[in-house]
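Please read the following walk through one protein model with its sequence and coordinates open. The text takes a few sites in turn and then turns to the wider divisions of the chain.

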Amino acid sequence: MKKFNVCVIGLGMIGEIHVKAFIGLKREGYVETIGVLTSSSAKADHYKNVYGCKAYTSLNEVARDNTIDVVVIATPHYLHHGQAMLFMEYGKHVIVEKPIAISILAAKEMVSKAKKKGVKLGVVFQHRYADDVKLLKKYIDEGVIGDIHYIQGEVMWWREELAYYLKDKVARSWRGMWSTEGGGVMINQAIHTIDLIQWFSRSVAEEVYGYIDNLMHPSINVEDIGIALIKFRGRVYASLTASLCTRPPSYQYTKIKIFGSKGFAELYNDELRILKSDTGIDIDKVSTSATETLRVEHELHERLLKDFLIALREDRDFPINGEEGLKSLEIVRALYISSTMKQPAKLPLHPQTIA
Ligand SMILES: NC(=O)c1ccc[n+]([C@@H]2O[C@H](COP(=O)([O-])OP(=O)(O)OC[C@H]3O[C@@H](n4cnc5c(N)ncnc54)[C@H](OP(=O)(O)O)[C@@H]3O)[C@@H](O)[C@H]2O)c1
């Protein structure tokens with residue numbers, strides 16, 4: 001069985017999660033070598049000496065290394081497009097952290113490049129790999145909830161300004177700015193929930209209306225709260241409230257409720273807490289992790305990366321490809337346009353739209 005040579009670009013918070021996930025996949029026989037590109041010599045030495053990773057010193061060195069099959073891009077949002085284009089040009093399969101890019105035009109270029117070069121482009125929406133999320137999707141696809149009428153999402157989080165946006169030089173270099181983060185809570189934190197909403201809807205978003213504002217983070221100029229109404233094709237409706245202003249922090253949660261012609265389901269922090277259906281399926285659990293902040297699960301990343309490598313081995317599509325990654329970005333950008341224009345934004349958006 002083919003083992004892959006992989007490389008992770010950027011060892012910030014999430015880059016290290018990817019390396020740890022690949023270390024697990026190396027043990028399982030999916031990965032041969034793990035490369036890292038980092039500006040931190042301490043991290044490069046650590047991964048080299050402790051885990052036998054290969055350290056690279058530039059994007060071009062990674063791109064020109066013909067032995068590398070797969071590159072994971074775990075850098076700030078505004079860098080995703082340029083880096084993905086470079087690696088795909090050199091024939092590498094690319095997995096990019098969410099959001100796929102910060103503009104529709106950039107994301108579409110990435111999708112086209114993957115097609116042109118015959119490589120796979122994947123986007124990291126790891127929550128799709130949580131057990132209960134997969135179970136809920138299976139129930140939806142089997143018709144247990146019936147025709148979906150309405151999906152309600154809530155991403156009620158807290159981000160301390162000093163500890164998150166102003167944490168260090170790296171955080172200050174890209175977080176909280178339209179040109180580099182591409183937006184605030186919607187494009188960064190809530191995009192996972194937007195991806196799940198559009199995936200659960202089994203439809204295509206055609207109109208978005210909403211508001212964004214900044215209520216509690218004066219040092220940044222992007223939104224820390226947003227409210228979106230989304231109309232999907234086939235009379236499926238959704239609403240989403242996302243906030244980084246939730247006090248006290250112990251109250252943070254993410255929730256998705258789905259109402260259909262045969263029943264109702266509630267996902268709470270990736271746990272299927274309630275499912276009531278006319279078909280007789282009846283789930284009713286009380287969550288014990290309800291007050292926890294959602295943590296980044298290294299295990300979910302490992303599942304996603306493994307699925308990507310299996311898709312390569314089997315030469316089949318990876319389910320969260322570039323087109324799929326574009327869908328949530330488009331909803332986010334439509335919300336930003338709607339909030340600015342004070343009217344609903346229709347999808348698909350024009351590729352030049354960067355608002
Ligand atoms: N899937 C998830 O749940 C999840 C969770 C968190 C973040 N993310 C995504 O992962 C990506 C990175 O987020 P993060 O939280 O890991 O960010 P971060 O902690 O700020 O790390 C970003 C890293 O990118 C590298 N980098 C390369 N060029 C850079 C430049 N010009 N300016 C700043 N950094 C540069 C640096 O790596 P070195 O220090 O090694 O050089 C830096 O540490 C984003 O797309 C984010 O949305 C996803």
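**A tyrosine and its surroundings**

Tyr 164 has a relative accessible area of 15%, which makes this residue buried. The model is a predicted one. Tyr 164 belongs to helix H7, which covers residues 161-165. Setting aside neighbours within four places in sequence, the residues in contact with Tyr 164 are Arg 159, Ala 171, Arg 175, Asn 188 and Gln 189. With one of these, Arg 175, there is a side-chain to side-chain polar contact of 2.7 Å. Between Tyr 164 and Gly 176, 12 residues apart along the chain, the C-alpha separation is 9.6 Å.

Asp 132 is another buried residue, and its relative accessible area is also given as 15%. Its place is in helix H6, residues 131-141. Apart from residues up to four places away in sequence, Asp 132 touches Leu 267, Asp 270, Glu 271, Leu 272 and Lys 285.

Residues 135-265 are 25% helix and 34% strand, with end C-alpha atoms 11 Å apart.

**Around the ligand**

Which residues come nearest to the ligand? There are 26 residues around the ligand, and those that come nearest are Leu 11, Thr 38, Ser 39, His 77 and Lys 98. For Leu 11, a polar backbone atom is 2.7 Å from an oxygen atom of the ligand. Side chains take part as well: a polar side-chain atom of His 80 is 3.0 Å from a ligand oxygen atom, and a polar side-chain atom of Glu 97 is 2.9 Å from a ligand nitrogen atom.

Cys 7 is in no disulfide, and the nearest cysteine sulfur to its own, that of Cys 53, is 9.3 Å away. Cys 53 is likewise in no disulfide, with the sulfur of Cys 7 as the nearest, at 9.3 Å. Is Cys 7 buried or exposed? Its relative accessibility is 0%, so Cys 7 counts as buried. Cys 53 is buried too, with a relative accessible area of 4%.

**Helix H12 and its ends**

Helix H12 takes in residues 322-341, 20 residues in all. At 1.5 Å a residue, H12 should span 28 Å, and the distance of 28 Å between its end C-alpha atoms agrees with that. The expected span is 1.5 Å times one less than the number of residues, because that is how it is defined. Of the 20 residues of H12, 16 are buried, so the helix is largely enclosed by the rest of the structure.

Both ends of this helix can be described. After H12 comes Lys 342, which has a positive phi, near 55°.

Technical notes: Residues numbered from 1 in each chain as written. Predicted model: local features only at pLDDT ≥ 70, side-chain atom pairs only at ≥ 80, totals over all residues. Heavy atoms only, no water. Disulfide = S-S within 2.5 Å. Buried < 20%, exposed > 50% of the residue type's maximum accessible area, 1.4 Å probe, protein only. Helix = DSSP H or I, 4+ residues; strand = E, 2+ residues; numbered from the N terminus. Contact = heavy atoms within 4.5 Å. Near = heavy atom within 4 Å. Polar contact = N/O pair within 3.5 Å; in protein donor to acceptor, adjacent residues only side chain to side chain.
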